[in-house]
Amino acid sequence: MPAVPDFRLLGTLEVTSAGEQRPLRTGKLRVVLATLLLRANQTVPVDELIDRLWGDTPPAAARNTAQTYVMRLRQVLGDDPRNPKLIHTLPGGYQITVTRDQLDLSRFRYLVQHAEGLEPDAATEALHEALALWRGPALADIPSESLRGDELPRLTEERLRALERRIDLDLEVGRHGDLVVELSTLTKEHPLRERFWGQLMLALFRSGRQAEALHTYREVRELLVDQLGVEPGAGLQRLHEGILRDDAQLRTGTPAPASTTPRQLPADVASFTGREQELAQLADLAAASGSVVISAIHGTAGVGKTALAVHFGHTVAGRFPDGQLYLDLRGYAPTPAMTPGEALERLLRSLGLPPERIPREEQEQAATYRSLIAGKRVLVVLDNARTAEQVEPLLPGYPGCLVVITSRGTLSTVDCATRLQLDVLTEEEALTLLARTAGQDRVEADPGMAATLVDLCARLPLAVRIAGARLAARPGWTIGTLVQRLADAQHRLDELQVADRAVRASFAVSYHALRDGDDPVDRTAARVFRVLGMLDWVDMSVPVAAALAELPEPDVHAALERLVDDHLLDSTTPGRYHTHDLLRLYARDRAEHAEPDRQAALLRALDCYLTSAELAALLLNPDTPRIPEDPTRATRSRFALCSPADAAAWIDAEHANLLAVAHQAAASASPAAAALTVRLTASLNWALNLRGHWRDLIDARRLAARMACQLGDRPAEALALQDLGWAYWRVGRADDAVTITRRALEAWRELGDGVREQSCLSNLGAVYRAQNRLAEAIRCYQDGVKICRTIDSRRGASRNLDGLGLVYQRQGRFAEAIICHEQGLAIDRELGDRFAEAISLGNLGWAHHRAGRHAQGLAYHQQSLTIAREVKDACQEAETLWGLGQGHHALGHPEPARTYWQQSIEILRGLGELTDDEAQTLLRQPVPDTPGIIQRNT
């Protein structure tokens, strides 16, 4: 087995194996190896290798050439490309895998970190061992300006910090006499590094050389004033004063720090939960180098931005030995936001600068701040920021620092920031947080009720913590007690408060900041947020929001985007907006005091939806008799609907909103809203049926039937009952379908409406067919055909003939079935009804297939499939695909048969006709069972 190489970066690059050096004769190979070793055990992207090899002027074939260098490096290292032990090819780059003892840099870092937990003598020994690994300047023979420029300052800083720590320990154990010469050299090599000067002063003082210590202070003061225009830091000044006083404790005690080291992070959150992915992303940033690293955490109120920033800060505090600064910028607070000048003044005081030395001008403050932390490793947490302009002056100017910003806004203009959006917790995380605050035993006692509780809290960390705190303070309550109190949406926000913490108050800060702002877009955003509370909605679109607010769409779009920026709304799809239930309740809370306005807004939304729903219905079925003529409808529609595809997409996007607003109208006791809703749901019938949204159709038309009855509109009630009966059949509720359809049929007969009567008979025949009551089904269809011939309804005749043909298929009377379907098809084509034509062609396909003429059946099914896809009839598409699968299976073609069945199953799953488990069961069967909906329809 080949010996494992050892690598050394802390000086010239060296590779040894079995005690012998392996020379890397070309500079490019050294660059590649150094780049990989500096990111040992991490993936180095190919683009980074290219930058390190050629900087800003890579050759045309840079990627291929870089790959060649990696291959040659493997050869030099003896790495087998087929089974690499060292250099692995990963997606997007390469990774070198080494142990701690194989790489001097890893060993150095381990020893430095290990020393932190040791007693002084042992710690000094560990640091001496670590520093002995340095054979000279790191990367001394690496010909890469990019690599050395980015990495050498950081590596040098790591060595100097370790050296400072080792000298501190030597001073602590009384080795001051041995340090004077070393420190005299270090202050000359690093004249602006105040810590070395302070250590030299202390070593001189403890060696009985007080005058020289005071002279050293004068020397460093003159240097700092001449070169930087600043006085020595507070630490050096205090040390100077102690030496002047001949402080006895200074002679024997722990050395005074050469500079103030702030440790300002608030206490960590004891119940902090989850966020593993976000913590890992932040940890990667903390390990980065080469520039100031900035992470901007943004998210809605109460989502846990500050908790994450503080918890993360505590986990990495050891990596930033020069201090951890924390500042609440009050960007979203009842008090005025902190100005950059105020923030800089506080930061400078935290860094030890006396008040009298803090400049008055903001630019000078920022320059002094950057100077004080230049060359240091400092963590800066800027919490609750409002704008990019507020934080930009607070950003360090040199590598080595990490800045973590939290804000409800996105702060999109902060340069070079990595943005991390924080969402609500997963259900598992929310339950864990509840258990940590309320008690694990209470959650385990009723896990179902606990899951309901965190859902009522929208899995918002603040709300879950408040709920847990309320339970913890009330041992006599069960989780169900609090669930019952939160179930009332009108008072849920009232319940989610404890002591001085409240969900409503947290949201109010964001809303008031917009409402009271100077920017007109902010004030419009507050108005739009308020009017959104007047409507029940699942997700919001610009046209409906514009109708609610009675504002131009461009203004409303800008306002909605501002609400997204401040995380009062979310937007994952362009032009569509959503939020969690608690913010929705808060928006309703803001609109609660204007009930007349609320009713007017509801009517505007209904009118907006109705205009577009009727337009969509006409695009999908131009011959529908349901929609009244209105030549201005297309121009009045706020949604751009120009084709059947547009209409189908609009129905899919809006059907949940349409159902929500229908329920709101039903609860409003407004006759005008009820009348609009009856029309709205009637216009949606064809589209919802076509797109397979039958359960929504049941809900909508049940509401419409009740409202039409209250309005005394008998025809509208009968039509709603007819649609409801059809939808019941589509979801397999045959008995309910019969009962409701008979009520509709009786109403149409009373009203003397033959067109609707024959349509009801066709529906009733379909239900009887599904129940295998074939004789009754035949009578319904035959009666329907007679009525159609009497009133000259060719469309109705086609539908009844098709139904009659399906009954004949059930009876094995295939010749008669084919005649019925052919007659229906001829009518469909004469009328140009593409929907009906697709159904008739599909029925002919099934008839020929069941008669044993499989090839002919396939031909009809293929024609039906083409038209079903053209008119966006998903249900017919699924039925026809299943027919194609059956036909190919019968002809001994298993591969195409399975492909067609799989496509049909996916559509049925999308329509909600199959659960995921049912779909997987069918897909595992060699010859899948025919789904119930296809059996009913065919």
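**Hairpins, sheets and backbone angles**

In the hairpin formed by β15 and β16, where two residues lie between the strands, G575 takes a positive phi near 85°. This is a predicted model, in which local features need pLDDT of at least 70 and side-chain atom pairs count only at pLDDT 80 or more, while totals for chains, interfaces and linings use all residues. Residues are numbered from 1 along each chain as its sequence is written, and side-chain values use heavy atoms, with hydrogens and water left out.

Me: Which residue in β16 stands opposite D570?
Reply: Strands here are DSSP runs of E with at least two residues, helices are runs of H or I with at least four, and both are numbered from the N terminus. Two strands pair if DSSP finds at least two bridges between them, and β15 (residues 570–573) is joined to β16 (residues 576–578) by two bridges in the antiparallel sense. The residue opposite D570 is H578.

Me: What phi does G92 take in the turn between β5 and β6?
Reply: Strand β5 (residues 87–90) runs antiparallel to β6 and is joined to it by four bridges, with T89 having Y94 as its bridge partner. The two strands form a hairpin with two residues between them, and the phi of G92 in that turn is positive, at about 90°.

Me: Which residue of β6 stands opposite P45?
Reply: Strand β6 also pairs with β4 (residues 44–45), in the antiparallel sense and over two bridges. In a regular strand the side chains alternate between the two faces of the sheet. Within β6 (residues 93–96), Y94 and I96 point one way and G93 and Q95 the other, and all are buried, where buried means under 20% relative accessible area, exposed over 50% and partly exposed in between, with a 1.4 Å probe and protein chains only. The residue opposite P45 is G93.

Me: In which order do the three strands of the open sheet lie?
Reply: The edge strands are β1 (6–8) and β3 (20–21), each of which pairs on one side only. Strand β2 (residues 14–17) is joined to β3 by two bridges and runs antiparallel to β3, and S17 has E20 as its bridge partner there. The pairing in this open sheet is antiparallel, and the order is β1-β2-β3.

Me: Is V15 buried or exposed?
Reply: V15 lies in strand β2. Leaving aside residues up to four places away in sequence, V15 touches several residues, among them F7, E20, L33 and L77, a contact being heavy atoms within 4.5 Å. Because its relative accessibility is 3%, V15 counts as buried.

Me: Why is strand β9 described as largely enclosed by the rest of the structure?
Reply: Strand β9 pairs in the parallel sense with β8 (residues 324–328) over five bridges, and another five bridges join β9 to β10 (residues 402–407), also in parallel. Among the facing residues, V381 stands opposite V404 in β10, and Q324 has L379 as its bridge partner in β9. The strand, residues 379–385, is largely enclosed because the number of its seven residues that are buried is seven.

Me: What relative accessible area does H567 have?
Reply: Most residues other than glycine have a negative phi. H567, found in the loop between α26 (553–565) and β15, has a positive phi of about 60° although it is not a glycine. H567 counts as buried because its relative accessible area is 3%.

Me: Is R459 buried or partly exposed?
Reply: R459 is found in the loop between α19 (447–456) and α20 (461–472), and its phi is positive, near 55°, in a residue other than glycine. Because its relative accessibility is 27%, R459 counts as partly exposed.

Me: What radius of gyration does the protein chain have?
Reply: The C-alpha atoms of the chain fill a box of roughly 125 × 70 × 55 Å along the principal axes. The radius of gyration is taken over C-alpha atoms, and the globule rule is 2.2 Å times the number of residues to the power 0.38. A compact globule of 938 residues would have a value near 30 Å, but the protein chain has 38 Å.
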